[in-house]
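Dear colleague,

I am passing the structure below on to you, and would be glad if you could read my notes alongside it.

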Amino acid sequence: MSVSDEPDVRVELTNTSLRPGAELAGAFVIAGGPPGDAESVELSVLWHTSGKGTEDLALVYYAAWTAADGTLSGMPNPHPFAVRLPRTPWSYDGELVKIHWVARVRVRYGETGEVVREAAFTLSGATDTPARNAD
Amino acid sequence: MAAFRPNRAVGCFLFVWGGMFALVGSVFLVAVLLAAFNAPQQNNGLVWVFAVVALLPLALGVGGIAFAVRIWTKPAEPSPPSPKLSPAAKALGLRLGAGFLLAAVTSVGGVLVAHLQFDLPFLVTGLIFSAPWWVFYLLFRGRLKEFAALTARALPSPEGLAAVTSPSPKLAEWPSVLSSEEWPTVPEVDTSPGRELAHELERADLPAGCRFGCAVGVAVFWNGIVSVFVVSVVRDLIRGQDPGWNPGWFLTPFVLVGLGMIGYAVYAGFQWAVAGLVGRVRLEVSGHPLIPGGRYEVRVSQRGPFGLGGVAVALVCEESATYVAGTSKSTAARVVAEHPAAEHEVLPLATELAVPAGAMHSFKSANNAVSWTVRVSGRVLGGLRYRKEFAACVRPGET
């Protein structure tokens, strides 16, 4: 499958700077709907680490629509979502450790095709975000 | 949903491929060694090169089998969905497997025939061994990439995997579990009731006596083994005998490492002695966990034979990251922030500890951590340095 056949997936959030415990609201849309040979669409809200260490990842919301179980055809498009966020971990931009929050949509289609789109946001209770340790 | 046993499937895959690698490696190794012993006059050093080449697939194979056994014997845990290979992937996998087997048989058979039938030189034997693998790689290079892509597709996405394998929260229970877990990823740090203030912090680092004991144990173990070889070589040299190999090149790195261990053991012993001179240092705080933007009363006291002077107290933030390097895990740590609370004091002292308003909270996940400690440092007997770390938790305030 050529690049031009990639589905056009967009993820948008109403607010990208959130306080602990706040509600994340947004929507994703697949322009023209999922491809005919789409295998699955996954929506997740998660935090993950980057930096020197092995990546850690944890979900606070996950939903999947698959062709195998017949849910893909009934998936709303555009699909709005609202997720209550936990109070921690805060977004963090350290030297060895960084913590990122994202809403991620993954579309798998064809034999090997895959599109991943993310919308990043920050979660922090600090006065300046993302959190840091300097005075 | 049916009970999936993907671990067993992966184990079978590793066992089969590991077995093939081990078979190829061991047969080649035996052939090389047989050739070396049967025709020692041809042993011009290449035999050891071929032996090492044979050890690589053997080691890979044994590692694969060991990993498979480990997977099979591992206690049951939440399993990700079983990888479901498409028919195209299965067909391609079969073709690749057949090609691999053909290359293995040709390679090993060629080596045996070349040596036993024609008694060819080692260099030619090596070429005969490696040629089928190169042909296999050149013919199937594109197919290997395709198979890797198809296999990757058969695996669940990282998010799907996390959704199934995360021990908590369970997918079906979201978001109720999340809301009940008040501070996800913020580790609990235990304290005990203080005498003057509300909390007494516990030490975060390993006691100096434990460090010394561990250092001595490791140094004795390492140097004990190395000394067997060193004594043997020295005895040969004293008797004027040739050890038959060059001991200098081989033993020097091991001896240097051993000396380094002895040096660290001496240093740890010195630290232990200093800790004994200082005695017990206690640190109490008026509140815990610490909240960003908060100010806390701190008291540091000492009970020991010699007074600690030039005492400094600081709130310290350290990041640590665990990563895989080769076949082992390593952890890197770095102090990223220090917030002094007192300097050049004598004990007992009372001071105020301020947590910056923008400070990151304590954080711990499987491979990454942000840790906070209160460090007390000073000098005893006029010059001997002393340091002790107390574990603290910085937690966001109620929101």
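This is a predicted model: local features need pLDDT of at least 70, side-chain atom pairs count only at pLDDT 80 or more; totals for chains, interfaces and linings use all residues.

Residues are numbered from 1 along each chain as its sequence is written, chains are lettered from A and ligands numbered from 1 in the order in which they are written, and side-chain values use heavy atoms, with hydrogens and water left out.

To begin with the strands (DSSP runs of E, at least two residues, numbered from the N terminus), β4(B), residues 295-303, is joined to β3(B), residues 280-285, by six bridges in the antiparallel sense, and Val281(B) has Gln302(B) as its bridge partner. β4(B) also pairs with β7(B), residues 349-354, again antiparallel and over six bridges (pairing requires at least two DSSP bridges between two strands); here Arg295(B) is partnered by Ala354(B).

As for the cysteines, the structure holds zero disulfides over all chains, a disulfide being a pair of cysteine sulfur atoms within 2.5 Å. The sulfur of Cys317(B) has its closest cysteine sulfur in Cys393(B), but the 12 Å between them is too far for a bond. Cys317(B) counts as buried because its relative accessibility is 0%, and Cys393(B) is likewise buried, at 3% (buried means under 20% relative accessible area, exposed over 50% and partly exposed in between, with a 1.4 Å probe and protein chains only).

By contrast, Leu259(B) counts as exposed, at 52% relative accessibility.

Definitions and conventions. Helices (H or I, at least four residues) and strands (E, at least two) are DSSP runs, numbered from the N terminus.
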